[in-house]
Amino acid sequence: MIKVLRICGTLCWFVLFASQLFFSCASTSVEPEPKTPVVYVTNLKKINILSADKIERNIDEVQFFEGAFSDKSFAMPIYIQADENGINLSVLNDFGTSMGDITFKNDSVEFESALFSENVKAEYIVWDVQLALYKTEEISNCLSKNKLAFVSENDGETETRKILDGKELIEEITIRKNYIGIKNHLRKYEYHLIGVGDE
């Protein structure tokens with residue numbers, strides 16, 4: 001009973017994080033939803049997420065997912081499958097059962113879960129994954145169309161990717177063997193994928 005309550009509590013924090021974060025990102029616009037998913041990188045500048053064939057690193061494994069938003073945090077396993085066909089994310093409980101699925105395929109994003117609010121914009125999660133796994137030149141081209149800068153640095157052990165709006169650091173991605181860290185300075189959230197490695 002205690003274990004079940006702990007699982008529910010963790011998942012509730014995750015849903016609260018997702019609902020607050022992605023609802024706030026989406027609340028800057030009242031435009032109709034386009035066919036190709038759109039995300040607001042800043043409060044005013046939006047981009048279309050990249051097509052699946054722009055991927056650089058393929059993943060097909062369970063990762064340990066840690067996240068924080070404001071003073072709230074959560075941790076849980078998550079199954080990630082990302083390749084030229086798209087992205088699939090499954091939030092798992094401690095028993096390995098899927099509690100929610102986000103699917104990016106054929107340039108569209110769908111999610112299925114009783115946990116996620118209808119206000120959650122799953123394309124923002126897909127975009128964060130793309131920032132870590134997709135080709136730097138494709139990300140840079142996408143952002144530059146909206147006067148956003150993209151910087152990538154690699155010392156052989158750690159790759160750092162940054163999105164800037166002028167001099168303001170918007171988002172930062174850190175990639176090492178068995179680790180991906182994503183920190184959004186504008187939205188005040190961060191999360192980490194532990195167990196991600198280069199193929």
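**How do we know? Reading a predicted chain**

The chain has a mean pLDDT of 83, and 77% of its residues reach 70 or more; pLDDT is the predictor's confidence in each residue, from 0 to 100. This is a predicted model, where local features need pLDDT of at least 70, side-chain atom pairs count only at pLDDT 80 or more, and totals for chains, interfaces and linings use all residues. Residues are numbered from 1 along each chain as its sequence is written, and side-chain values use heavy atoms, with hydrogens and water left out.

Q: Where in the chain is confidence lowest, and where is it highest?
A: Helix α1 (residues 2–26) is lowest, at a mean of 48, while β9 is highest, at 98. Helices (H or I, at least four residues) and strands (E, at least two) are DSSP runs, numbered from the N terminus.

Q: Why is Arg 161 called buried?
A: Buried means under 20% relative accessible area, exposed over 50%, partly exposed in between (1.4 Å probe, protein chains only). Arg 161 sits at 0% relative accessibility, so it counts as buried. You'll find Arg 161 in strand β9 (residues 159–165).

Q: How many of the 199 residues count as buried?
A: That's 44% of the chain.
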